[in-house]
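Here is a short briefing on one protein chain. Keep the sequence and the 3D view open as you read.

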Amino acid sequence: MEYKVKVRHLRIGRRKVSRLLPFIKGEYVNHAIANLTAMPQMSSVVLRKAIKSGIANAIFQSRNINPDTLWVKTAYVDKAPTLKRIRAASRGSADPILKRNCHITIVLSDEKKEEKKKIKSGGAKAKVEKITKTEAPAEV
């Protein structure tokens with residue numbers, strides 16, 4: 001089953017949050033929280049709280065769930081309404097100040113996590129091995 005967490009109207013820019021998402025996508029929640037604990041960014045605190053909230057939601061919705069089996073299926077950041085302010089500038093003009101906001105959505109799942117596929121190396125070494133095996137020296 002999937003459990004969705006939304007953090008709306010967060011007063012942090014979208015770019016600052018999206019830098020940390022690759023560290024939690026596809027990870028078990030305990031490992032994702034450990035990753036975020038070691039990071040100095042302010043958005044890591046918010047993401048950590050959101051994941052903990054998702055664990056609490058999962059436990060509340062289905063009492064017999066084991067929190068260790070939960071993993072982050074998807075996590076993404078959307079743009080929220082921007083607060084617009086004005087700062088006085090030279091010669092009576094005004095410069096805009098844009099205070100950006102974001103919405104964070106995290107989906108936790110307790111279904112079996114897919115294993116990462118191993119990529120076969122088909123690089124230069126494989127070609128060299130094929131050439132050396134097929135070409136046998138001709139005896140005269």
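Glu2 and Lys73 form a salt bridge, with their closest N and O atoms 2.4 Å apart. The structure holds 1 salt bridge. Remember that this is a predicted model.

**The salt bridge**

- Side chains of opposite charge can pair when their charged atoms come close.
- The pair links distant parts of the chain: Glu2 sits in strand E1 and Lys73 in strand E2, 71 residues apart.
- Are the two partners buried, partly exposed or exposed? Glu2 is partly exposed, because its relative accessible area of 41% falls between the cut-offs of 20% and 50%.
- Lys73 is partly exposed too, with a relative accessible area of 34%.

**The sheet**

- Three strands make an open sheet, in the order E1-E5-E2 and with antiparallel pairing.
- E1 and E2 are the edge strands, and each of them pairs on one side only.
- On average, neighbouring strands of this sheet are turned by 15 degrees against each other, direction ignored.
- Helix H3 packs on the sheet and touches E1 and E5. The direction of H3 makes about 140 degrees with that of E1.
- How many bridges join E1 and E5? These two strands pair in the antiparallel sense over 7 bridges.
- Lys6 has Thr105 in E5 as its bridge partner.
- E2 and E5 also pair in the antiparallel sense, over 8 bridges.
- Two residues can be followed across to E5: Asp78 has His103 as its bridge partner, and Tyr76 stands opposite Thr105.

**Strand E5**

- In E5, 8 of the 8 residues are buried, so this strand is largely enclosed by the rest of the structure.
- In a regular strand the side chains alternate between the two faces of the sheet.
- Which residues of E5 point one way, and which the other way? Cys102, Ile104, Ile106 and Leu108 point one way. His103, Thr105, Val107 and Ser109 point the other way. All of these residues are buried.

- His103 has its place in strand E5.
- His103 counts as buried because its relative accessible area is 13%, and the cut-off for buried is under 20%.
- The side chain of His103 reaches the backbone nitrogen of His9 at 3.1 Å.
- His9 is found in strand E1. His9 is partly exposed, at 46% relative accessibility.

**Positive phi angles**

- Most residues other than glycine have a negative phi.
- His9 is not a glycine, yet its phi is positive, at about 55 degrees.
- Arg91 is not a glycine either, and it has a positive phi of about 55 degrees.
- Where does Arg91 lie? Arg91 is in the loop between strand E3 (83–88) and strand E4 (94–99).
- Arg91 is exposed, with a relative accessible area of 85%.

**The nonpolar core**

- The largest nonpolar core has 28 residues. Val17, Ile24, Leu47, Ile51, Ile104 and Ile106 touch the most other members.
- Which elements give two or more residues to this core? They are strand E1 (2–10), helix H2 (29–37), helix H3 (42–61), strand E2 (71–79) and strand E5 (102–109).
- H3 gives the largest share, 6 residues.
- Leu47 is in contact with Val17, Leu20, Leu21, Ile24, Leu36, Ile104 and Ile106, leaving aside its neighbours within four places in sequence.

**Asp68 and its loop**

- Asp68 is found in the loop between H3 and E2.
- Asp68 is partly exposed, with a relative accessible area of 48%.
- Not counting residues up to four places away in sequence, Asp68 touches Tyr28 and Asn30.
- The side chains of Asp68 and Asn30 are joined by a polar contact of 2.9 Å.
- Asp68 and Asp110 are 42 residues apart along the chain, and their C-alpha atoms are separated by 8.9 Å.

Conventions: Residues numbered from 1 in each chain as written. Predicted model: local features only at pLDDT ≥ 70, side-chain atom pairs only at ≥ 80, totals over all residues. Heavy atoms only, no water. Core = buried A, V, L, I, M, F, W, Y, C linked by side-chain atoms within 4.5 Å. Buried < 20%, exposed > 50% of the residue type's maximum accessible area, 1.4 Å probe, protein only. Helix = DSSP H or I, 4+ residues; strand = E, 2+ residues; numbered from the N terminus. Contact = heavy atoms within 4.5 Å. Salt bridge = Lys/Arg side-chain N within 4 Å of Asp/Glu carboxyl O. Pairing = 2+ DSSP bridges. Axes fitted to C-alpha atoms, helices over the stretch in contact; angles between N-to-C directions. Polar contact = N/O pair within 3.5 Å; in protein donor to acceptor, adjacent residues only side chain to side chain.
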